[in-house]
Amino acid sequence: MMASSYNAKEEDGHHSGSSTHGGTGAAKNKKPDNTAFKQQRLPAWQPILTAGTVLPAFFVIGLLFIPIGIGLYVTSNNIKEYEIDYTGVEPNTPCYDCANSFTWNSTTSCVCTVNFTLVQPFESNVYMYYGLSNFYQNHRRYVKSRDDSQLNGVQSSLTNPSKECEPYRTNPETKLPIAPCGAIANSLFNDTLELYYNHPDGNMTKVNLVKKGIAWYTDKHVKFRNPGNEKDNFTERFKGTAKPVNWMKPVYELDPLDPENNGFINEDFIVWMRTAALPTFRKLYRIIQKKPDSAPTLPSGRYFLNVTYNYPVRSFDGRKRMILSTISWMGGKNPFLGIAYITVGSICFFLGVVLLIIHHKYDTRSNSADIPN
Amino acid sequence: MCFVTAEKERRVKANAREYNEKFSYANNHIKTSKYNVFTFLPINLFEQFQRVANAYFVVLLILQLIPEISSLSWFTTIVPLVLVLVITAVKDATDDYFRHKSDRQVNNRQSQVLITGSLQKEKWMNVRVGDIIQLENNQFVAADILLLCSSEPYGLCYIETAELDGETNLKVRQALSVTSDLGDVSKLMDFDGEVICEPPNNKLDKFTGTLHWRDNKYSLDNEKMLLRGCVLRNTEWCFGMVIFAGLQTKLMQNCGRTKFKRTSIDKLMNTLVLWIFAFLICMGVVLAIGNTIWETCVGRKFELFLPWDEFQSSAVFSGFLTFWSYIIILNTVVPISLYVSVEVLRLSHSFFINWDQKMYHNQSDTPAEARTTTLNEELGQVEFIFSDKTGTLTQNIMAFSKCSINGQTYGDVYDEFNQKVEITEKTECVDFSFNPLCDKAFKFYDCSLVEAVKQQESAAQDFFRLLALCHTVMPEEKSEGNLVYQAQSPDEGALVTAARNFGFIFRARTPETITLCERGRAATYDLLAILDFNNVRKRMSVIVRNPQGQIKLYCKGADTIIFDRLDPSSEDLMYATSEHLSEFAGEGLRTLALAYKDLSKEYYQVWQKKLHYVSTVIENREEQLAALYEEIEQGMKLLGATAIEDKLQEGVQETIACLNLADIKIWVLTGDKLETAMSIGYSCNMLRDDMDEVFVISGLTQLEVQQQLRNAKENILGLRRLSSTADVQKGDVFAEDSVFEETIISEYALVINGHSLAHALEPQLEHTLLDLACLCKTVICCRVTPMQKAQVVELVRRHKMAVTLAVGDGANDVSMIKTAHIGVGISGQEGMQAVLASDYSFAQFRYLQRLLLVHGRWSYFRMCNFLAYFFYKNFAFTLVHFWYGFFCGFSAQTVYDQWFITLFNIVYTSLPVLAMGLFDQDVNDQNSLRYPSLYKPGQQNLLFNKRQFFLCTLQGMVTSFLLFFIPYGAFSVMLKDDGSDFSDQQAFAVTIATTLVIVVSVQIGLDTHYWTAVNHLFMWGSLIVYFAILFAMQSDGLFGIFPSNFPFIGTARNCLSEKSVWLVILLTTVVCILPGLVVSFLRIDLFPTLTDKIRHLQQSRKKQRPQEQNLRRVRRTSSRRSAYAFSHQQGYGELITSGKNMRVSTLSSSRSLERIAQSSSWIENILKRKNEVSAEPAESHKADRLK
């Protein structure tokens, strides 16, 4: 049998099914290549979690995080911030009347004045924000209700906005396309805030609020573009469109005095269009530039905030705030990061100590003696 | 495949294509491929969408197209889906291409077909039913054909059926006598017989039909059929008529669809995906309820700025829509790329198996082959191995290794200090160059035997003369000096080959004579009688008249049988030889004793007359013959004994020892006899003398078997109860089985016989059998049929919840290979059937060790880490949306950019985890083999199970929580350093997305144990690609082209240039990673697993070169006598003396023809008997073992 089984392979060796061996090169040796890859011998770094590597990591993280945290916390605490709620919910607050008497179709705007006192002077640039609470700028239907093409000045989108803008796509009466379309644009924050400083001598001076430079550069220069020809006037460029339902004036009249801040590239509009991630948010409203002399930008003392109350929030329990803040290298006043860093750093350090104790007390790793063969 | 519905019977007429075409039988074209160029796309897509996962994503896609629901753009689903479909389609197409290639190769084989009066070459695929084709020696049979005539007398022909049933011994087929003289083209042309037979079926051993020819009917059976897949042997040519062709041949009908095998990880994965799906729905419901409440309390009032859609009649309806929206955005917890990634991993693991040089067998030029690519990690979880014996554990090569001649042993090699030398590859073998006719492959190491033969020692000469004469081997001398022996059993072949090399060359035989070439001189012996072997006699003898005219009887057989029949003068020699035999047996060799007897002419003539008389009686002929043989085989003189090594394959002992250490139980299932099986058991250390007890179950009736099983079990349990009385609890012995099972210390072995097994596998006994078998360290089942092999595997598979692996090399192992979770085929000598049915194949049993302990373990380890990480990653990624839901009015607003969602799984994080799944190694291969215990976690399912799943999803959830709430805390008042507000959605999205990518990258870095250059490349590459794509997607240019698709313009620039953002990212990363790090550090430090220890060891030893694995070779201490080993079946004795199987040319003309005429009925007996043997191999030998 053994002889016969040898010559059995001579003739035709394999059955058809075995031709997956790759058949043709009969003379070729089927020995696999001896490469590090095929033999799974690629050179490799094989790190192991040992006390020697893990424990120092904990200490390093601890020692790194605690100072960072302290730095952040101190920086944050040095930032001066003043916040005032002018919604007018309580009956004896200045804007209570305005808030209550609000109707959409009133032609005259309601103005209310809130006065407040800054105890400490605000040095360097001061930034003025408006804050909204309980305002769901991040609701899916709200977020998608815009047409970026239109805002980018694409002519076809101007006259034929995206369906996403419904129900603010076309004016229900005139059937004209709305520019800018959508719920976001429609709900543009339109309170006007003015700040007056009450000098100790009784004089009132209006604080100069700069309204340019509040939007991101990319938004202002790339993302938002006015439609049509540069040379045409704005009325021409937005011809054939209707203003958003809630707006009192069309988009090309947002800042008639400054063509660089009018239409879609109006910075207040751009800031509003950058929807907030959370229902409570603040948006930059104006910048109060530092004066060239060494006087504080906002000296301590009494101030009046003049509010042209246009924006209704009471129906959904929203709140409106005005915030004045200075800025540091890490942004605005935010104790969270500092505290978090200090906490995490301390925990790391503490864990490092605990693990070190555990490691020394209960270390069961021994040499290879107890490895069963 | 067969479109002829319900073919009741088949009518085929020879040489009549037109007539046969009426029935539209399948032609000989074979098609296993599934597609062609045009049908590929529709069929493949149809198949792919039948998969639940793909269908699920299509449903999602449809949901996304509904604007009211759509919370994500369509491309977030379609891009991954298309990618997945394309990868799968490419894989299917390649598979099919290879099937096409193999089909084409088979279909284009040449065969000789009789067409219009002459033989013409024709491709296989053009052969039609009813054609008459000619086959030549060593050709494959092209279709199922009816044998008409052959070059051999009586229309005999020989075939090898290895491809069909795995048996390598030759089988005889005989044509009908009426057609056997058609052996010429013109006669065949006129042949117009019509065959009416059964329709195509898959029964290999059955065929019924009738041939109608010249107004006569002849019945046809399987003995006249040559089936496709057989090979013609020892027959110059034959003609046959095609009955079944192509897909209707029995071979093809047998290639049923193999059962689709799934791994336990697969099943677990499916369960988990269902759970995740349920979890997804729960989240959807929670968020939908949240939405309803929110819309009622807040949303209604907020209508001032955000009016409800027209169709949105109520808050509840809004909740309902939100549910679907959330299903869409949260769908990434069921990752679409999971299945594809898993398949890619398995495929590559298979390639690593194919590429492994250490599983490549040089001699046969066979690399290991992973034939299925879906089972790899299951290789790391095997608990039971079922192994065939012949050809799997053993090489199925018998080697003449030692002998004892006249009280002197030969075969061991001694050095100058008279110390026995271990025989290795390097040991110098005896130089047989003095003998021009020697077999080059024969190896012998002891020179003293050659010297003995050369010095004309009569005993040594007689010894080899006997070996050269007393056998039923057929010689074939293809060219001068090129001798090939056709032996019916490998033992005989080995003995005759030994004699040949020692100068007693068996050269030719006729029915009457045997021609030897004795040390250069031709010597012709008259063959007077062959006293054939059978299982009762356990010996065979020949009676010859030597050239000197002396009549001699030469006998070889089992030692016990021979020793009983010796002349008293041999008594001393008998004791000496007996001692040698014990020694041989102790080494696991198969022994035979040899004896001779001088016969006087008178005595022989008397005996011959009796023989002649007896062979003509009809009643009790067998018994009377036996008695007659017994009579003459008395008073023989002992010559010596031979020891044949049933060579174990290389490294079998070590492999078994190693696998045992890995807690893998090895059961041997063999068709061999009890004695042979046990002898192999001893020689590969599965049975040892120091075992407490070896239970042999060989009961005949159910009751007996039951009793034996019970006794054995009580024996085991009872004994241990005595040995450890202190901690044995009171109670029923049997109730505590499970407790004991695990803690067994004593070693037992179970050997069970085929017919006992048949009873033990009955439903009422199978549990007892299984319990007992699991208590034993070694289980050997012998005399089992292929069906029983499968039943045993099935039994374990069903009741033990363990992964089973079956390894075998022959067609008789196919059933068990298909039944087991994993089938491994040894591509040995017994054809390709086992390999074709198997999932993995290689050349040597010892590679199993590497396949399981290295490749299996790695695959399992990698797959588990991969899955754990994958689920973690997707939970961390997706659940952020859930937390965000509470802050955006449950409106299904996504946190991330849509492009990020699209690309996260397929671009940003797919490659590092793939690299880990491909290359990770906790412990290198040497150590994996060195410490087999490393394999155990796989068997216990420790690396990935439901608990691990919960842990990794929990980690994912915590990560997502931190990922959301730390930025939330920071972003509540976030300002840029130029004072502009910064808490907008897009900045929030970019921050969280960047953090997420960094966190999961750091996590995979911690999870990776083996950092190759590829890991580095993928890891850093992914991060770089993330930032590159991030900035590209948010660049002015892209926005300029598609303003509505890339609204995130400039966010990355503005956001990532902020120091505070990086502080947030750093903080979040550290907080997300720390808990996992602490836990894994504590685990490694306080409760190190074996793996951890060995990794540690491995690292500290890095400087030293890894030592070669060195499992001590345990020397066998067995004193057992493998008393008997011999061929399984009755020999060819009758065929030889009848001269039926000889070529006419070699026959010594007239004399033998007479004898043929006399004994023409013999051949039918033989054929009948052989048929019985091959049909029921298990049954035929029952009798002898019972005695």
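In chain B, residues 24 or more positions apart account for 74% of the contacts with a separation of 6 or more. Contact here means heavy atoms within 4.5 Å. The model is predicted: local features need pLDDT of at least 70, side-chain atom pairs count only at pLDDT 80 or more, and totals for chains, interfaces and linings use all residues. Residues are numbered from 1 along each chain as its sequence is written, chains are lettered from A and ligands numbered from 1 in the order in which they are written, and side-chain values use heavy atoms, with hydrogens and water left out.

Chain B has 1187 residues, and 60% of them are buried. Buried means under 20% relative accessible area, exposed means over 50%, and partly exposed lies in between (1.4 Å probe, protein chains only). The secondary structure of chain B comprises 42 helices and 35 strands. Helices (H or I, at least four residues) and strands (E, at least two) are DSSP runs, numbered from the N terminus.

Chain A contains an open sheet of 4 strands. Its order is β2-β7-β4-β5, and the pairing is antiparallel. Strands β2 (110-118) and β5 (204-206) of chain A form the edges, each pairing on one side only. Two strands pair if DSSP finds at least two bridges between them. Neighbouring strands of this sheet are turned by 25° against each other on average, direction ignored. Such angles run from 0 to 180 degrees between N-to-C directions, and axes are lines fitted to C-alpha atoms, for helices over the stretch in contact. Strands of a sheet pair through backbone hydrogen bonds, either parallel or antiparallel.

Strand β7 (residues 301-309) of chain A is mostly covered, with 8 of its 9 residues buried. It is joined to β2(A) by 9 bridges, and the two strands run antiparallel. In this pair, A:Val111 stands opposite A:Thr308. Strand β7(A) is also joined to β4(A), by 7 bridges and again antiparallel. Here A:Tyr196 faces A:Phe304 of β7(A), standing opposite. Strand β4 (residues 192-198) of chain A is joined in turn to β5(A) by 3 bridges, and these strands run antiparallel. A:Asn198 stands opposite A:Met204 in β5(A).

The largest nonpolar core has 209 residues. A nonpolar core is a set of buried Ala, Val, Leu, Ile, Met, Phe, Trp, Tyr and Cys residues joined through side-chain atoms within 4.5 Å. A:Trp272 and A:Leu305 have the most contacts inside the largest core. Helix α27 (residues 847-885) of chain B gives this core its largest share, 18 residues. A second, separate core has 54 residues, including B:Ala487, B:Ala499, B:Ile530 and B:Met540. Leaving aside neighbours within four places in sequence, A:Leu305 is in contact with several residues, among them A:Ile84, A:Tyr86, A:Phe116, A:Met128, A:Leu195 and A:Met322.

Helix α11 of chain A covers residues 335-362. Its 28 residues should span 40 Å at 1.5 Å a residue, and the end C-alpha atoms are 40 Å apart, so the two values agree. The expected span is 1.5 Å times one less than the number of residues. The buried residues of α11(A) include A:Leu337, A:Tyr341, A:Val344, A:Cys348, A:Leu355 and A:His359. Among the elements that cover the buried residues of α11(A) are α2 (51-78) of chain A and, from chain B, α32 (946-971) and α37 (1059-1086).

In an unreviewed entry, UniProt lists residues 48-74 and 336-358 of chain A as "transmembrane region". UniProt positions are given in the numbering used here, feature names are shortened, and annotations may be inferred rather than shown by experiment. Residues 48-74 of chain A are 89% helix and 0% strand, with end C-alpha atoms 39 Å apart. Residues 336-358 of chain A are 100% helix and 0% strand, and their end C-alpha atoms lie 32 Å apart. For chain B, an unreviewed UniProt entry lists residues 12-78 as "domain: P-type ATPase N-terminal". That span of chain B is 48% helix and 3% strand, with 56 Å between its end C-alpha atoms.

Chain B also has an open sheet of 4 strands, in the order β1-β8-β9-β10 with antiparallel pairing. Its edge strands are β1 (10-13) and β10 (216-220) of chain B. Strands β8 (residues 194-197) and β9 (residues 209-213) of chain B are joined by 4 bridges.
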